Amino acid sequence: RFTHSILAAVMITTLTTTAVHAAVLEDPVQGTPEIKSINVVSFAPEGVLLIGDGRGSQIIAVATGDTKKGQGLRKPIDGIRAALAETIGAKLKDIEIIDLAVNPASGKAYFAVMRKDQKRNLILTVDGAGEIDEFALEDVTYARIPLETGSKAIISSITDVAWADDRIVAAGRSNESFSSKIFSVYAPLKHDAASAGYSAETYHVSHGRWETKAPMSVVMPLKEGDKTYIIGAFSCTPVVKYPLDSLKPGAVVKGTSVIELGSGNKPLDMFSYKKDGKSYVLSNTFRFHHSRKPFGPSPYWTVRFEQSLLEGDENVNEKAARRLDSGYKPITDQIQLIEAYHGVVQMDRLDETRALVLRTTEGGGFNLEPLPLP
């Protein structure tokens, strides 16, 4: 993503999820996990931090103990990157923000940060009062989940990871011809538990063909009836629905493209929420073609669509619901550009009425802001 980003579990009305989560960890170990990279972070219930490590071909699930409910960030923090650097005694140029996730158990924000001068991966936290601290990945309770492809394929990156009601799901890229991969691990998570890996094939609406190379940059779990799906978003920008149940490891998962948000863009984050009794999905995006055909003042723009567009299988693939016509004009009010979110490079749902966003500034910096859900 922005160097990526990440995601949240979906809760909906017409497509209901179960209210009771499976236990997250079972027989974890105590110690310091060997983490080779941090591509993405997100949360499972009970304050369990999920770390996607592509170079290590693994997901690390860490019990943070951060489960006391809080209000989340109350006021914006200007120059958040500089504030993070100051906390760990680093220079601004040596800090790279990799990803942002909100712990739903506490409302606290967790940043995955690369300290470039020391080549170290760090996790920093921001509480509701704006206090910044480091969550040390030493002597922690954790479970390691190796990501298996069922072949000799090498996982090069993990693009997203999410908790899906009774399992972890993740998307990644491998060195095979079917390089787009989906992984599924049922809870409770055990240390060195086996994972099931699937190759993914997608009908790319803008390109007019089936593709196997590009991995999903965003995943969002979905329960429809008694079946589990993954909603994935790709560059240029199909939103695709994949069945996860009743699949054998090593199988090819064929996705159904249900929405087309427009070519020349890369989705960064995506989550669902309810407002005024209606369910929506919010997704922020980076526009490759901003200089040639901008959608606003920033190459980072955000779209909201009605979650009902994910239901059913009537308008799919070639007939997927499109945001724009061939002249780049909006077609439907079920998919809307959200001007109040221009410049948002990373985001996660903060609570029932707000999102927490990392937004670019005119001077090239970043602010951390709680924003009302549109």
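Analyst: A residue is called buried when its relative accessible area is under 20%, exposed when this area is over 50%, and partly exposed in between. The model discussed here is predicted.

User: Why is Arg354 called buried?

Analyst: Arg354 has a relative accessibility of 18%. The limit for buried is under 20%, so Arg354 counts as buried.

User: What makes the contact of Arg354 with Asp351 a salt bridge?

Analyst: The closest N and O atoms of Arg354 and Asp351 are 2.8 Å apart. The rule asks for a side-chain nitrogen of Lys or Arg within 4 Å of a carboxyl oxygen of Asp or Glu, so the pair forms a salt bridge.

User: Is Asp351 buried, partly exposed or exposed, and what makes it so?

Analyst: Asp351 has a relative accessible area of 24%. Buried needs under 20% and exposed over 50%, so Asp351 is partly exposed.

User: How many salt bridges are there by this rule?

Analyst: The count comes to eight. One of them joins Asp192 and Arg144, with the closest N and O atoms 3.0 Å apart.

User: Which parts of the chain does the pair of Asp192 and Arg144 tie together?

Analyst: Asp192 lies in the loop between β12 (180-186) and β13 (196-204), while Arg144 lies in strand β9 (residues 140-146), so the pair ties together parts that are 48 residues apart in sequence. Asp192, at 45% relative accessibility, is partly exposed. Arg144, at 27%, is partly exposed as well.

User: What makes Glu369 and Arg359 a salt bridge, and which strands do they lie in?

Analyst: The closest N and O atoms of Glu369 and Arg359 are 3.2 Å apart, and the limit is within 4 Å, so the pair forms a salt bridge. Glu369 is in strand β27 (residues 366-372) and Arg359 in strand β26 (residues 354-360), so parts that are ten residues apart in sequence are tied together. Both Glu369 and Arg359 are buried.

User: Why is Asp66 said to have no salt bridge?

Analyst: The nearest side chain of opposite charge, Lys108, is 4.1 Å away. A salt bridge needs a distance within 4 Å, so Asp66 has none, although Asp66 is buried. Asp66 lies in the loop between β4 (58-63) and α1 (80-87). Leaving aside neighbours within four places in sequence, its contacts include Gly47, Asn103 and Tyr110, as well as Lys108.

User: Why is Glu131 called exposed?

Analyst: Glu131 has a relative accessible area of 53%. The limit is over 50%, so Glu131 is exposed. Glu131 lies in the loop between β7 (120-126) and β8 (132-134).

User: Why is Val126 called buried, and which residues does it touch?

Analyst: The relative accessible area of Val126 is 2%, and buried means under 20%, so Val126 is buried. Val126 lies in strand β7.

User: How much of the chain counts as buried?

Analyst: Of the 374 residues, 57% count as buried. The chain has one helix and 27 strands.

Notes. Residues are numbered from 1 along each chain as its sequence is written. This is a predicted model: local features need pLDDT of at least 70, side-chain atom pairs count only at pLDDT 80 or more; totals for chains, interfaces and linings use all residues. Side-chain values use heavy atoms; hydrogens and water are left out. Helices (H or I, at least four residues) and strands (E, at least two) are DSSP runs, numbered from the N terminus. Buried means under 20% relative accessible area, exposed over 50%, partly exposed in between (1.4 Å probe, protein chains only). Lys and Arg count as positive and Asp and Glu as negative; His and the chain ends are not counted. Contact means heavy atoms within 4.5 Å.
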